[in-house]
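I opened this notebook to keep a record of what I looked up in one structure.

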Amino acid sequence: MAIADASIHPEATGPAKALVEKHQAEQPLKLYAGWFCPFVQRVWLALEEKQIPYQYIEVNPYHKQPSFLALNPRGLVPTVSILDTTATTTPTTTTTSHPLYESAVILEYLEEAYPTHTPLLPTSPYERAKARIWIDFVTSRIIPSFHRFLQYQPSSPSGTDAGLQKAREDFLAKLKEWTREMHPTGPFFLGEEIGLPDLVLGPWAVRFWVFDEYKGGVGIPRAGEGGEDESVWERWRTWVSAVDGRRSVRETLSEREFYLPIYQRYADDQAQSELAKATREGRGVP
Ligand SMILES: N[C@@H](CCC(=O)N[C@@H](CS)C(=O)NCC(=O)O)C(=O)O
């Protein structure tokens, strides 16, 4: 059955449209993507940062076509398909395409499969493991909290609703916890160079305007107004401005007006995506 989410704009616009157009030629690695999706943006950013050749293929994951479900039975974007030239599944086959899905898994795969491309994790096993704790924190803690806040339905439209304020405070507490783990000066999470922690949260950080639009503001204090948390928020602002100014981030974003109807449905708690349902049922990220 068609759901309202299925009526999203069919293609990328603005800067992302230009990038999509540059990545239409056939490549061994295909990115099945939705222009609007922050999980897709994670992988798209990694492909851009690592300069891995890829073919961009737009998919509307709310119309679950059998050909797409054959690649990813969960029917979610991002999904990638990789041409493995070494696989020999039958005596006569020398090349096979393999699908892969789940943004965090794809990011790890790209790190391992393209070792000579720009690394996005530290070299020391201990530092890599620590980075993974905070990568997981984004998916298991920050994003569910982002969605509880976004999908919260206030009992009054005034923005003073106590439940809304609690959702906001919970979200801000998680952001602070993450920020305290950053490299002291950065500007990125791990230091001077962009890395996977930045790529996993960046797509949400550049969408915080949705809280201004629908929920009375995200609540991050302005410079100098953070009180006893000022140094944490100062570090956060440094990080956001580095991420927000990054070429790969700018070029993978569409025009804001096309995100509006999508986020409006989340803000009204009407979205029927797996993520929206998981949030309603307290299940975190699907
Ligand atoms: N855990 C997945 C989540 C991906 C996801 O939820 N993608 C959304 C678009 S942003 C989707 O494909 N939704 C289709 C649906 O909910 O049916 C990942 O990290 O890749």
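My entries follow, from the whole chain to single residues.

**Entry 1. Ground rules.** I note that this is a predicted model, in which local features need pLDDT of at least 70, side-chain atom pairs count only at pLDDT 80 or more, and totals for chains, interfaces and linings use all residues. Residues are numbered from 1 along each chain as its sequence is written.

**Entry 2. The whole chain.** I looked up the secondary structure and found 12 helices and 4 strands in the protein chain; helices (H or I, at least four residues) and strands (E, at least two) are DSSP runs, numbered from the N terminus. Along the principal axes, the C-alpha atoms fill a box of roughly 65 × 50 × 35 Å. I then compared the radius of gyration, taken over C-alpha atoms, with the globule rule of 2.2 Å times the number of residues to the power 0.38. For 286 residues a compact globule would come near 19 Å, and the protein chain has 19 Å, which agrees.

Of the 286 residues, 34% count as buried. A residue is buried if 20 or more other C-beta atoms lie within 10 Å of its own, exposed if 12 or fewer, and partly exposed in between, with C-beta atoms placed from the backbone. Among contacts with a separation of 6 or more, residues 24 or more positions apart account for 71%; a contact means that the C-beta atoms of two residues, placed from the backbone, lie within 7 Å.

**Entry 3. Two domains.** The domain assignment gives domain 1 (14-113) and domain 2 (125-280), and such bounds come from an automatic or database domain assignment. Their centres, taken over C-alpha atoms, are separated by 25 Å. The contact between them takes 17 residues from domain 1 and 21 residues from domain 2. On the side of domain 1 that touches domain 2, the elements giving two or more residues are α1 (14-22), α2 (38-50) and α4. The largest share of that side, 8 residues, comes from α2. I recorded its make-up as 12 nonpolar, 2 polar and 3 charged residues. In this division Ala, Val, Leu, Ile, Met, Phe, Trp, Tyr, Cys and Pro count as nonpolar, Asp, Glu, Lys and Arg as charged, and the others, Gly among them, as polar.

**Entry 4. Helix α2.** How many of the 13 residues of α2 are buried? I found 11 of the 13, so α2 is largely enclosed by the rest of the structure. Among the buried residues are Phe-39, Arg-42, Trp-44 and Glu-49. What covers the buried residues includes β1 (29-33), β3 (79-84), α4, α7 (196-205) and α10 (247-251). After α2 comes Gln-51, whose phi is positive, near 55°.

**Entry 5. The ligand.** I counted the shell next: 17 residues surround the ligand, and the closest are Cys-37, Pro-61, Leu-76, Ser-273 and Glu-274. A residue is near a molecule if its C-beta atom, placed from the backbone, lies within 6 Å of it. The elements that give two or more residues to this shell are α4 (103-113) and α12 (274-280). By type, the shell divides into 11 nonpolar, 4 polar and 2 charged residues.

Entry 6. The buried residues of α11 (256-267) are Tyr-259, Ile-262, Arg-265, Tyr-266 and Ala-267. These pack against α5 (125-151), α8 (209-214) and α12. Asp-269 is in the loop between α11 and α12. Its phi is near 55°, a positive value in a residue other than glycine. With 14 C-beta neighbours inside 10 Å, Asp-269 counts as partly exposed.

**Entry 7. Backbone details.** The peptide bond from Val-77 to Pro-78 is cis, with omega near 0°, and Pro-78 is in the loop between α3 (66-71) and β3. The bond from Gly-186 to Pro-187 is also cis, with omega near 15°; Pro-187 lies in the loop between α6 (162-179) and α7. Leaving aside its neighbours within four places in sequence, Thr-238 is in contact with Gly-186 and Pro-187. Thr-238 itself is in helix α9 (residues 230-244).
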